[in-house]
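Welcome, and thanks for taking a look at this one with me.

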Amino acid sequence: MGHPVERASGESGEAVRSELPPGQRLQRGWPVTHYGPVPKFRPERWEFRVFGATADGDKHCWTHEEFTALPYTTVVADLHCVTKFSMLGAEWGGVPASAILDAAPPAPDVTHVMVWAEYGFSSNLRLKDFTADRTIFATHKDGELLTAEHGFPARLVVPHLYAWKGPKWVRGVEYMTADRRGFWEERGYHNIGDPWKEQRYSYQEEPGDGPEL
């Protein structure tokens, strides 16, 4: 069972009910957590790519200017870090995953995606997690541009999964017809990462949770 907490809603200020996933603690503020250095943003070199098993067989690319011109939306969602802190009620602004899917549809046999970020970092997701309504390539938090330390120019937010499943400094999406483990998933973290099931580590995986060997 999760632990009930009170938090204020974004517009009305009235208290609303939420729950922390098992093993999580409420975090005030937003700690910086990542592996490796913070990349330097060079807008003239930045490119967002969608490749792999696309419906038309082509690679699709956007410059930073083109990416930021894609449809913009906001999502109010919690962020649950596998290190056991949870940040509640953040407003994420950016490009919804649905906009990428509309602009570069996957082939019918796609089952998973690999989200690629700077330094070759990657995170694999089931297609149904990537296509979820609240999955977003966030460029803003609470109305402000993300800082470099928190993933500017874009980080993926998948609210119903642990935060590591949404990489910082995202550079592209690969459509896949079979599952393949990403960076942390190859290093002992759970292939799915559902915080409500406390799926933190690979030893907790059940048959069907990970790629076939």
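Helices and strands here are DSSP runs, numbered from the N terminus; a strand has at least two residues.

1. Please keep in mind that this is a predicted model. Is D78 buried or exposed? With a relative accessible area of 12%, D78 counts as buried, because buried means under 20%.

2. Staying with D78, look at its side chain: one of its polar atoms lies 2.8 Å from the backbone nitrogen of G89. D78 and V157 are 79 residues apart along the chain, and their C-alpha atoms are separated by 9.6 Å.

3. Next, the largest nonpolar core, which has 28 residues. Those touching the most other members are F48, F67, I100, F137 and Y175. At least two core residues come from each of strand 4, helix 2, strand 8, helix 3 and strand 13, and helix 2 gives the most, with 4.

4. I100 is worth a click. Leaving aside residues up to four places away in sequence, I100 touches F48, V50, F67, L70, V95, F137 and Y175. There is also a second, separate core of 12 residues, including V75, A77, L79 and F85.

5. Finally, strand 13, where 6 of the 7 residues are buried. Strand 13 pairs with strand 4 in the parallel sense over 4 bridges, and R49 stands opposite G172 of strand 13. With strand 8, the pairing of strand 13 is antiparallel, over 6 bridges; here V113 stands opposite Y175.

Methods
Residues numbered from 1 in each chain as written. Predicted model: local features only at pLDDT ≥ 70, side-chain atom pairs only at ≥ 80, totals over all residues. Heavy atoms only, no water. Core = buried A, V, L, I, M, F, W, Y, C linked by side-chain atoms within 4.5 Å. Buried < 20%, exposed > 50% of the residue type's maximum accessible area, 1.4 Å probe, protein only. Contact = heavy atoms within 4.5 Å. Polar contact = N/O pair within 3.5 Å; in protein donor to acceptor, adjacent residues only side chain to side chain. Pairing = 2+ DSSP bridges.
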